[in-house]
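Below is a briefing on one protein chain. Look over the sequence and the model, then read on.

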Amino acid sequence: MTIPLSTLESSRVGASTRHAPSLHGYDTGLLLLRLALGLTMAAHGAQKLFGWFGGPGLDATGQFFTMSGYPSGRAMAVVAGLSETLGGLGLVAGLLTPLAGAAVVGTMINALAVKWGGGFFAPKGVEYELLLTAGAAALALTGPGRYAIDRALPGLRAHRLAYGVAALLLGAVIAGGVLLVRK
């Protein structure tokens, strides 16, 4: 008994479409990651800038930056707080996602440099900072998904890996420059 070729082809097409990945699932997962990571970073930046959520505020954060070897600790606290707040809010909204992710990555590179000698696990470890860095880098590389403001921007409507790579390189270079002025 022979089965017509057209029957075999149509059964393969049906099988592959039944098990095709859900784009809405990917987009929903990216939205969840953007919300969790972005809100965490925005709140962390607001702690630095405004003392919200039990944070130290700008003066105490500036003193910490000075004790950590950064020149002009208060100015560095403003830069870190703005990078975290604006980068986090950019991730939440899916607005300029590669740059928002790069802002978070650049800030976290400096946080990792400050905390590096304390091992991997809390309370002095770097696992939290590494997780935030990896999540932000992943979002910069993958793009925000369909549930994002970037989808309405002509240049970013179709995310390209090159945008994410370029943004992460920019963030790493700026973070490296900031680290070079640290004592």
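What pLDDT does the protein average, and what share of the residues score at least 70? The average is a pLDDT of 90, and 90% of the residues score at least 70. pLDDT is the predictor's confidence in each residue, from 0 to 100.

This is a predicted model, in which local features need pLDDT of at least 70 and side-chain atom pairs count only at pLDDT 80 or more, while totals for chains, interfaces and linings use all residues. Residues are numbered from 1 along each chain as its sequence is written, and side-chain values use heavy atoms, with hydrogens and water left out.

**Helix H4**

- Helices are DSSP runs (H or I, at least four residues), numbered from the N terminus.
- Helix H4 covers residues 73–93, and its 21 residues should span 30 Å at 1.5 Å a residue. The expected span is 1.5 Å times one less than the number of residues.
- The end C-alpha atoms of H4 are 30 Å apart, which agrees.
- Buried residues of H4 include Gly73, Ala77, Gly81, Glu84, Gly88 and Leu91. Buried means under 20% relative accessible area, exposed over 50%, and partly exposed in between (1.4 Å probe, protein chains only).
- The buried residues of H4 pack against helix H2 (23–50), helix H3 (57–67), helix H5 (97–115), H6 and H7.

**Helix H2**

- The 28 residues of H2 should span 40 Å at 1.5 Å a residue. Its end C-alpha atoms are 39 Å apart, which agrees.
- Among the buried residues of H2 are Asp27, Arg34, Met41, Lys48 and Leu49.
- H3, H4, H5 and H6 are included in what covers the buried residues of H2.
- Just after H2 comes Gly51, with a positive phi of about 75°.

**Salt bridges**

- Side chains of opposite charge can pair when their charged atoms come close.
- How many salt bridges does a search of the whole structure find? The search finds four. A salt bridge is a side-chain nitrogen of Lys or Arg within 4 Å of a carboxyl oxygen of Asp or Glu.
- One of them pairs Arg146 with Asp27, the closest N and O atoms being 2.4 Å apart. Arg146 lies in the loop between H6 and H7 and Asp27 in helix H2, so this pair ties together parts 119 residues apart in sequence.
- Asp27 is buried at 8% relative accessible area, whereas Arg146 is partly exposed at 31%.
- Glu84 pairs with Lys48, with the closest N and O atoms 3.1 Å apart. Glu84 lies in helix H4 and Lys48 in helix H2, so the pair ties together parts 36 residues apart in sequence.
- Glu84 is buried at 3% relative accessibility, and Lys48 is buried at 12%.
- Glu129 forms a salt bridge with Lys115, the closest N and O atoms being 3.2 Å apart. Glu129 is in helix H6 and Lys115 in helix H5, so the pair ties together parts 14 residues apart in sequence.
- Glu129 counts as buried at 8% relative accessibility; Lys115 counts as partly exposed at 27%.

**Backbone in the loops**

- Most residues other than glycine have a negative phi, and most peptide bonds are trans.
- Ala122 and Pro123 are joined by a cis peptide bond, with omega about 10°. Pro123 is in the loop between H5 and H6.
- Ser72 is not a glycine, yet has a positive phi of about 50°. Ser72 lies in the loop between H3 and H4 and is exposed, at 52% relative accessibility.
- Leu96 is not a glycine either, and has a positive phi of about 50°. Leu96 sits in the loop between H4 and H5.

**Nonpolar surface patch**

- Leu95, Leu96, Leu99, Ile149, Leu170 and Ile174 form a nonpolar patch on the surface. Patches are made of residues with over 30% relative accessible area and no salt bridge; like charges are joined within 9 Å, nonpolar side chains (Val, Leu, Ile, Met, Phe, Trp, Tyr) within 5 Å.
- Together the patch residues have about 520 Å² of accessible area. Accessible areas come from the Shrake-Rupley method with a 1.4 Å probe; for residues, only the protein chains shown count as cover.
- Leu96 is partly exposed, with a relative accessible area of 41%.
- Ile149 lies in the loop between helix H6 (127–142) and helix H7 (161–180). Ile149 is partly exposed, at 42% relative accessibility.

How values were computed: Helices (H or I, at least four residues) and strands (E, at least two) are DSSP runs, numbered from the N terminus. Contact means heavy atoms within 4.5 Å.
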